Each structure stands twice: as C-alpha cells, then as structure tokens.
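This report describes the strand pairing, helix packing and backbone features of a protein chain. The sequence and the structure are shown first.

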Amino acid sequence: MSEENQTLAQRKEKAESLAQLGVNLYSNTFKPANAIEELLPKAENLEPQEKEASGASYSIAGRIMAMRKFGKAAFCSITDKTGQIQIYIKKDILGDEIFETFKKWDIGDIVGIQGILFKTKVGELSIQAREITMISKSLRPLPDKWHGLTDVETRYRQRYVDLIVTPESREIFKKRVQIIHLIREYLNNHDFMEVETPMMQPIPGGATAKPFQTYHNALDMDLYLRIAPELYLKRLLVGGFERVFEINRNFRNEGLSTRHNPEFTMLEFYQAYATYEDLITLTEEMISGICEKVNGSMHISYQGTEVDLTPPWTKMTMDEALMQVAGIDAEILADDEKVMALAAKKGIQLEKQAGPGKAKTELFELEVEEKLINPTFITSYPTEVSPLARRNEQDPSVTDRFELFITGRELANAFSELNDPMDQLQRFEKQINDRGDDDEIHPELDRDYVRALEYGMPSAAGEGIGIDRLVMLLTDAPSIRDVILFPHLKPETRLQDGKGDTSDAS
RNA sequence: GGGUCGUUAACUCAGCUGGUAGAGUAUCUGACUUUUAAUCAGAGAGUCGCGCGUUCGAGCCGCGCACGACCCA
C-alpha cells in the first residue's frame with residue numbers, strides 16, 4: 001500500500017463504516033433551500049446566544065472546510081458558492097445514532113444541513129443543525145488550511161483543488177466571466193451581432209503564426225485550427241452583416257510563456273462605415289468602462305505598477321514613439337538605409353526580403369513596447385507588416401492601423417480594413433513570395449477571400465482584443481495561466497506512473 | 001533553444017562540514033456540549049523527483065534525465 005493510500009485507506013474505512021450505519025455516501029435527494037449569502041444578513045438583529053425569533057428552518061449544502069470537534073458537539077465551517085457559514089452540531093439535538101454518523105465526517109465532505117439560526121456567545125451567526133445529510137464523501141485530504149495551496153504547478157494541474165481552497169483564484173475566474181459578459185453587453189448595446197465562424201479552416205489566415213494541423217477523414221483533407229477568425233468575419237461584412245463580433249478561441253502552435261497559451265481567447269469585431277479612429281474611441285470607452293465596473297475605479301495597480309485607464313489615452317505614430325520613447329533621430333527614421341543599419345547595429349536579425357517597415361517594427365518592439373505603461377495607441381504601422389490593413393491615403397507606406405499597449409504589453413490590434421480586392425491579392429502574393437524558410441508557417445493564398453472582396457466589402461474597421469491579457473490586467477494576474485482555468489502543461493509523469501492513481505492494485 | 005533556481009510526509013516548509021529523516025497543519029486514538037489556526041495527551045505516516053557515478057557511507061557532492069518557476073531568444 002503506497003504512502004498516499006494511507007489517508008485514502010483511512011477514509012475508505014470510514015466510508016464503509018458509515019455505509020454500514022445505513023448512510024448513503026452519495027445521496028442525491030438533498031435540495032438546499034437557501035444560499036449561505038442570504039442567511040448572513042439575518043444576524044444583524046440577533047444578540048449573542050439568541051435564536052432567531054421566528055424559529056424558521058433553513059437548509060444549506062456545501063463543503064466542510066474546517067471542523068472543531070468536542071466530545072458531544074462540534075462546529076463546522078461550510079462553504080457554498082455564495083459564502084461560508086458555521087454550523088453547530090449537538091449530540092442532544094441530533095440523537096445518539098445520527099451523532100455517531102457525524103463522527104465519521106471529514107474536512108472536504110460535501111454535506112447538507114437543515115436547522116435554525118442563532119448567534120453563538122462570541123457573536124457568530126451559526127446554524128444549529130436539526131438534520132444532517134451526507135451528499136458526497138471525500139476520500140482525499142485538502143491542502144494545509146492555513147498556508148493553502150502555493151505550489152503553482154498543482155494549482156494549474158489540479159485546478160479543482162485550487163478552486164476549493166484559494167478564494168483569490170475563484171475571484172479571478174468570476175471576474176473573467178464578468179469581464180466577458182460586460183464586453184458582450186457593450187457590443188450588443190452598440191448593435192453588434194455575435195457570430196460563430198469556423199475553428200477548423202482549410203487555409204489558416206488572418207495572422208502570421210504556426211497553426212495546429214488536423215485531418216478530416218471523410219473529406220480526405222488537411223484542416224487547421226484557426227489562428228484568427230478575421231477573414232471569415234470580413235466575409236460577413238460582404239454579406240451585409242454590418243457589425244459583427246466573435247469571442248472565441250484561437251490556436252497557435254508556438255511556445256508557452258507567462259503571456260502565451262497555445263489556445264487563447266480573442267475578441268474580434270468589425271464595424272462597417274467606421275475607421276480605425278472610431279475604434280480608438282470605442283476601445284477607450286469599453287475597456288475603461290469595464291475596468292470601472294469590475295474594479296470600482298479606472299486607477300489600477302498591475303504587479304506593483306500604477307496604471308491609469310481614464311480616457312482619453314495617449315496616441316502616437318510609430319515614428320513618434322521611436323523618436324520620443326526610444327530617442328531615435330527623425331533623420332534616421334526618414335532614411336530607409338539608415339533604419340536598416342540601425343536595426344542591424346541593435347542586433348536585430350532580419351530576413352533577406354525584410355524592408356525598413358519590418359526593421360522599424362522590430363526596433364519598436366525592442367526599444368519602446370515595454371515602456372508603454374499607461375494605455376497608448378500606436379498608429380501608422382508600416383504597410384509591410386500589415387497585410388490586411390488599409391493604406392493611409394496620404395502616405396501609402398503606412399496603414400490606418402493602431403495597436404494598443406498597456407503595461408508594456410500588446411492588448412489590441414485594429415485597423416481600417418483593406419477592401420480593394422486587387423491590392424489584397426497583390427499583398428497576399430507578396431506575403432507568399434516573402435515567406436521565410438519557416439515551413440510551419442502556412443501562407444496559402446485564400447482565393448475565396450479575394451473573391452468575396454470582389455463582390456464588394458463596405459469600408460470598415462476591425463479590431464482584435466486578447467481577452468486573457470485583458471483579464472490579466474484587470475485582475476492583477478502575473479501569468480496567463482492564472483486566468484485560464486486549465487492551462488496547457490506537459491503531461492504529469494507522476495500520474496502516468498500510477499502514484500497519484502486511486503487504484504488499489506499498487 | 002540558452003541561463004538561473006526549485007522538486008524532502010497529504011499540505012506548508014526545515015535539514016549544519018557527507019554519518020541511517022524533522023516541525024507545524026492534516027490524519028488516527030483518548031479527554032472535552034459555544035469553538036473559530038479550539039485545547040490537552042499519545043500514535044501512525046517518507047522510493048528525500050528519476051537514473052548513473054564518486055565515497056566505507058549521499059537528502060546533501062558530480063553527471064544525465066523529467067517536471068515546474070523566472071529571465072533571455
């Protein structure tokens with residue numbers, strides 16, 4: 001018998017003896033009539049040791065988080081999704097037989113309690129149990145009640161345990177739901193229509209990234225998990241849906257880090273007859289409004305850094321940012337060769353076909369990005385790095401595009417959409433010709449998308465916002481794994497060896 | 001891919017110069033009918049991540065591997 005099974009064995013013994021006493025260990029008939037949260041205000045008018053005058057009966061269900069046992073009485077802390085309350089168990093009230101079954105209860109069990117409300121002599125609202133029900137017997141011990149679960153690996157691998165014992169973790173995921181709900185509400189109120197477009201695409205487009213590949217047997221064809229929904233959402237603009245959005249998963253077959261998970265949640269939205277400047281206003285309003293609703297203020301702290309989300313936010317062109325933040329001379333930026341030379345001097349390695357636009361973008365990422373703490377829109381991205389964005393009317397070497405940076409991280413990317421099918425076709429062709437030696441990136445000409453544009457797409461602007469990064473910002477989470485319920489990790493060798501298994505065979 | 005750090009009881013962690021493994025919580029037994037990190041007395045619990053090496057002797061030293069964290073690309 002392995003060491004871990006010692007506790008398991010003790011609990012299984014308890015479970016067996018409870019069963020012999022006639023207790024159903026996994027009863028499914030108990031229906032709690034009350035949420036713990038709604039009982040707590042009833043304590044206001046009670047004096048210590050006073051019972052609620054009405055003598056009303058309440059019933060709750062939840063997990064036992066702590067127990068303080070005496071010989072013939074006990075207190076248990078019970079948690080449900082709304083809060084925590086103390087129950088008082090007394091042998092006199094329950095009777096000898098029921099009290100015997102209570103003695104086999106453990107921290108971690110899920111139980112149902114029916115009883116009356118009273119305040120203890122130290123003034124804590126409690127339920128004096130009249131009837132008790134075992135709903136689910138727990139066989140594994142919970143982590144240390146005082147220190148909790150600090151090992152991040154276990155928190156990610158066994159999120160269910162993390163959620164049981166780490167209130168902060170529960171709060172982050174509740175906030176995540178709230179944030180996504182508020183985004184939907186905002187966009188619905190602005191007449192956007194939520195749609196679903198393919199997750200499996202024959203040509204993975206809309207971004208440059210390595211896709212996950214899969215195979216469809218019946219059609220005998222390769223498919224790719226999408227790296228972006230962009231090209232499908234814009235087909236809907238062609239179709240006449242003038243405001244669309246999608247909140248869903250993208251998949252990129254690249255490295256993992258505190259800011260990257262292979263599957264991540266993206267908001268993309270497209271608005272006909274709008275420009276990227278309209279989206280600047282929309283973005284400021286939506287994100288600052290959500291922050292205020294979720295955090296009660298537009299001033300937040302992210303990992304010790306103060307951030308002010310009060311609009312309006314700073315706007316700069318990429319050239320301005322390179323001059324003002326990185327201190328690069330205007331003279332250099334105006335000269336393609338000098339830009340290339342500077343990038344080389346900074347140790348940036350560029351592909352052969354890369355031009356000054358790519359060099360500027362790389363310089364920006366190296367010298368500017370991490371310094372943009374308060375929200376900053378960077379505009380006028382080089383056309384070279386923006387294959388789907390509309391060229392600027394005055395200066396066709398740049399596009400009508402912005403990226404939004406907060407706490408040094410890219411949070412959003414938006415542009416006025418390119419709707420000229422001829423220009424789009426040429427840029428796709430250039431993109432494919434310029435493909436690097438990286439075979440895993442999959443540039444293939446999406447001829448159907450060009451055909452769609454040939455039918456006529458209205459002028460429009462579109463934006464993508466990384467939901468996980470937004471949630472990180474608004475919940476002060478240091479790692480993307482803190483805001484994704486089940487982040488990807490390498491397989492756990494321990495379980496494969498059978499050590500964490502419940503099997504009795506070991 | 002590179003570097004640094006980590007992996008010891010279910011949980012949180014100690015473990016000296018290399019000499020057969022410790023605490024608190026949790027668990028078990030006993031006492032205890034208003035406690036709240038309950039208290040008191042006692043007990044059980046470990047393949048020291050895995051493997052190889054050095055050594056009379058390795059949790060500790062060396063090499064390799066696995067997993068994780070952080071930084072860099």
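Two strands are said to pair if DSSP finds at least two bridges between them. Helices (H or I, at least four residues) and strands (E, at least two) are DSSP runs, numbered from the N terminus. The model is predicted: local features need pLDDT of at least 70, side-chain atom pairs count only at pLDDT 80 or more, and totals for chains, interfaces and linings use all residues. Residues are numbered from 1 along each chain as its sequence is written, chains are lettered from A and ligands numbered from 1 in the order in which they are written, and side-chain values use heavy atoms, with hydrogens and water left out.

**Domains**

Chain A is divided into domain 1 (4–146) and domain 2 (165–325 + 368–482); such bounds come from an automatic or database domain assignment. Between the C-alpha centres of domain 1 and domain 2 the distance is 49 Å.

**Sheets and hairpin**

Strands of a sheet pair through backbone hydrogen bonds, either parallel or antiparallel. One open sheet has three strands in the order S7-S9-S8, and its pairing is antiparallel. Its edges are strand S7 (200–201) and strand S8 (213–216); each has a single partner strand, so one side of each lacks a neighbour in the sheet. Four bridges connect S8 with strand S9 (residues 221–225) in the antiparallel sense, and Thr214 stands opposite Leu223 in S9.

A further open sheet contains eight strands in the order S6-S10-S11-S18-S17-S16-S15-S14, with mixed pairing. Strand S6 (193–194) and strand S14 (314–317) are the edge strands, each pairing on one side only. S14 runs parallel to strand S15 (residues 376–379), to which four bridges join it; in this pair Lys315 is opposite Phe377 of S15. Helix H8 (residues 230–239) packs on the sheet, touching strand S10 (243–251), strand S11 (263–272), strand S17 (409–416) and strand S18 (460–466), and its direction makes about 25° with that of S11. Contact here means heavy atoms within 4.5 Å.

Strand S12 (residues 299–302) and strand S13 (residues 305–308) run antiparallel and are joined by four bridges. Tyr302 has Thr305 in S13 as its bridge partner. Two residues lie between the strands of this hairpin, and Gln303 takes a positive phi near 50° there.

**Helix packing**

Axes are lines fitted to C-alpha atoms, for helices over the stretch in contact, and angles run from 0 to 180 degrees between N-to-C directions.

| Helix pair | Axes come within | Crossing angle |
|---|---|---|
| H7 (residues 167–189) and H16 (residues 467–475) | 10 Å | roughly 120° |
| H7 and H9 (residues 276–295) | 10 Å | roughly 140° |
| H12 (residues 336–345) and H13 (residues 356–367) | 9 Å | roughly 45° |

Angles under 35 degrees count as roughly parallel, over 145 as roughly antiparallel, 65 to 115 as roughly perpendicular and the rest as oblique. H7 is therefore oblique to H16, H7 and H9 are oblique to each other, and H12 is oblique to H13. A crossing is left-handed if the near helix is turned anticlockwise from the far one by less than a right angle, and right-handed if clockwise.

H7 and H16 cross in the right-handed sense. On the H7 side the contact involves Ile172, Lys175, Arg176, Ile179, Ile180 and Ile183, which meet Ile467, Asp468, Leu470, Val471, Leu474 and Thr475 in H16. By class, this contact of H7 with H16 has eight nonpolar, one polar and three charged residues. Ala, Val, Leu, Ile, Met, Phe, Trp, Tyr, Cys and Pro count as nonpolar, Asp, Glu, Lys and Arg as charged, and the others, Gly among them, as polar.

The crossing of H7 and H9 is likewise right-handed. Residues of H7 in this contact include Leu182, Tyr186 and Leu187, and those of H9 include Leu282, Met286 and Ile290. The contact of H7 with H9 has nine nonpolar, two polar and four charged residues.

H12 passes H13 in a left-handed crossing. Asp336, Val339, Met340, Leu342 and Ala343 of H12 meet Pro356, Ala359, Lys360 and Leu363 of H13. Here the contact has seven nonpolar, no polar and two charged residues.

**Backbone features in loops**

The peptide bond from Pro311 to Pro312 is cis, with omega near 0°, and Pro312 belongs to the loop between S13 and S14. Gln49, although not a glycine, has a positive phi of about 70°; Gln49 lies in the loop between helix H2 (36–39) and strand S1 (57–69).
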